[in-house]
Amino acid sequence: MLSVKIHPEQVDKEVDRICSFLSRQLQSDDKVVVGVSGGVDSDVVTRLAVQAIGSKRVKLFVAIQEGMDPQHLNNARDLANELSISLVEIELTDIPFLIIQTMNNADPSERFRENGLID
């Protein structure tokens, strides 16, 4: 596993830089929509957005898919609860498989794998 040592002051400086960028780019009435997966990346993006513009301007959604680890959904729900943001749960269980199936039917020579598209 990769181990990176970053001084806490560097982290704070980077967080400030990102939040400053976000607040400069967004108008005062703009909102941000973040798709959360229950993983670390979307958690960090959500927290940066909230720090930059406030939780009232951040909207969250999670796409529920076949084979999704239940812990990821729980993580997304916990994040929303912790930040006092409602979480829209979108049921997309079969859609990734239907997309692959449709692509395979349109061009069978490509031999798309039905389980090849997870997210």
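Tutor: Here is a quick walk through the model.

Tutor: This is a predicted model: local features need pLDDT of at least 70, side-chain atom pairs count only at pLDDT 80 or more, and totals for chains, interfaces and linings use all residues. Residues are numbered from 1 along each chain as its sequence is written, and side-chain values use heavy atoms, with hydrogens and water left out.

Student: How many helices and strands are in the protein?

Tutor: The protein has 4 helices and 3 strands. Helices (H or I, at least four residues) and strands (E, at least two) are DSSP runs, numbered from the N terminus. The order from the N terminus is α-β-α-β-α-β-α.

Student: Compact globule or more spread out?

Tutor: More spread out, because the radius of gyration is 18 Å, well over the 14 Å that the globule rule gives for 119 residues. That radius is taken over C-alpha atoms, and the rule is 2.2 Å times the number of residues to the power 0.38. The C-alpha trace spans about 50 × 35 × 30 Å along its principal axes.

Student: Switching to α3. Which of its residues are buried?

Tutor: L73, A76, L79 and A80. Buried means under 20% relative accessible area, exposed over 50%, partly exposed in between (1.4 Å probe, protein chains only). Down the axis of α3, the buried residues fall within an arc of 120°, so they line one face of the helix. The arc is that of the directions from the helix axis to the C-beta atoms.

Student: And what is exposed on the other side of α3?

Tutor: P70, N81 and E82.

Student: What do the buried residues of α3 pack against?

Tutor: They pack against α2 (40-53), β2 (58-64) and β3 (87-91). Contact here means heavy atoms within 4.5 Å.

Student: What about L83, buried or exposed?

Tutor: L83 counts as buried because its relative accessibility is 16%. L83 is in the loop between α3 and β3. Leaving out residues up to four places away in sequence, L83 touches T46, R47, V50 and S55.

Student: Now the largest nonpolar core. How many residues?

Tutor: The largest core has 20 residues. Such a core is a set of buried Ala, Val, Leu, Ile, Met, Phe, Trp, Tyr and Cys residues joined through side-chain atoms within 4.5 Å. Among those with the most contacts inside the core are V34, V58 and I85. The largest share, 5 residues, comes from α2.

Student: What does V58 touch?

Tutor: Not counting residues up to four places away in sequence, V58 touches V32, V34, A49, V50, I53 and I85.
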